[in-house]
Amino acid sequence: MLKLSASLLLCLLMIGCAAKSSHQLTGQARAAISPAEVMVFSEAPQQYSEIAIVTATSGGSLSPGNKEKTADVLNWLKAEAAALGANGIILTSLEEDVEMDRVPTTNGTQSSINNVTKFYQTARALAVYID
């Protein structure tokens, strides 16, 4: 039964591991390109055309400052921008959010609720086209 409760806990944690991304068009979308072609900027280049605001949130991590989750969020931003034909993103924010989840567990005879702290990376960027 201990394996069952550990499996249940793992499944519940994995549900929160999927990253999410979205966009809000602010300009004209172009033909999609490969995410590998999208450059990341911390400051705006001299000339560009604005396409959209893109956001991405990682799935939950049990440890703060998870560099893999940061890389995942940046890759999701690049993929979202590439789908809109943007060849660059200007990173405007990268933050870590903390959330407490209550996870039910059982050892076969007793059930309990455990608190699990999860850390999420959230990023926002401006998707742009640079000539």
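## Overall fold

The chain holds two helices and five strands. This is a predicted model. Along the sequence, the elements follow the pattern α-β-β-β-α-β-β.

The chain has 131 residues, and 33% of them are buried. Among contacts with a separation of 6 or more, 79% join residues 24 or more positions apart.

## The sheet

Five strands form an open sheet with mixed pairing. Their order is β1-β3-β5-β4-β2. β1 (20-25) and β2 sit at the edges, and each pairs on one side only. Direction ignored, neighbouring strands are turned by 35° against each other on average.

β1 and β3 run antiparallel and are joined by six bridges. His-23 has Val-54 of β3 as its bridge partner. Gln-24 stands opposite Ile-53, also in β3. Next comes the pairing of β3 with β5, antiparallel again, with eight bridges. Here Ala-56 is partnered by Ala-123 in β5.

## The β4–β5 hairpin

β4 and β5 run antiparallel, with 18 bridges between them. Ile-89 has Ala-127 of β5 as its bridge partner. Four residues lie between the two strands of this hairpin. Gly-108 takes a positive phi there, near 105°.

The salt-bridge count for the model is one. Asp-101 pairs with Lys-118, and their closest N and O atoms are 2.8 Å apart. Asp-101 belongs to β4 and Lys-118 to β5, so the pair ties together parts 17 residues apart in sequence. Is Lys-118 buried or exposed? Lys-118 has a relative accessible area of 4%, so it counts as buried, the cut-off being under 20%.

β2 (residues 39-41) runs parallel to β4, and three bridges join the two strands. Met-39 is found in β2 and stands opposite Gly-88 in β4. Beyond its sequence neighbours within four places, Met-39 contacts Asn-87, Gly-88, Ile-89 and Ile-130. The C-alpha atoms of Met-39 and Ala-86 are separated by 9.2 Å, although the two residues are 47 apart along the chain. Met-39 is partly exposed because its relative accessible area is 42%, which falls between the 20% and 50% cut-offs.

Phe-41 lies in this strand too. Phe-41 touches Gly-88, Ile-89, Ile-90, Leu-91 and Ile-130, leaving out residues up to four places away in sequence. Phe-41 and Leu-126 are 85 residues apart in sequence, yet their C-alpha atoms are 9.6 Å apart in space.

## Helix α2

Which residues of α2 are buried? They are Lys-69, Thr-70, Val-73, Leu-77, Lys-78, Glu-80, Ala-81 and Ala-82. An α-helix has 3.6 residues a turn, so residues three or four places apart point the same way. In α2, Thr-70, Val-73 and Leu-77 are among the buried residues. The buried residues of the helix pack against β1, β2, β3, β4 (88-106) and β5. Gly-85 follows α2 and has a positive phi, near 85°.

## The nonpolar core

In soluble globular proteins, nonpolar side chains tend to be buried together. Here the largest nonpolar core has 15 residues. Val-54, Leu-77, Ala-81, Ile-89 and Ala-127 touch the most other members. β3 (49-57), α2 (67-83) and β5 (111-129) each supply at least two residues of this core.

Ala-127 shows how these parts meet. Beyond neighbours within four places in sequence, Ala-127 is in contact with Ser-49, Glu-50, Ile-51, Ala-52, Val-54, Ala-81, Ala-86, Gly-88 and Ile-89.

How values were computed
Residues numbered from 1 in each chain as written. Predicted model: local features only at pLDDT ≥ 70, side-chain atom pairs only at ≥ 80, totals over all residues. Heavy atoms only, no water. Contact = heavy atoms within 4.5 Å. Core = buried A, V, L, I, M, F, W, Y, C linked by side-chain atoms within 4.5 Å. Buried < 20%, exposed > 50% of the residue type's maximum accessible area, 1.4 Å probe, protein only. Pairing = 2+ DSSP bridges. Axes fitted to C-alpha atoms, helices over the stretch in contact; angles between N-to-C directions. Salt bridge = Lys/Arg side-chain N within 4 Å of Asp/Glu carboxyl O.
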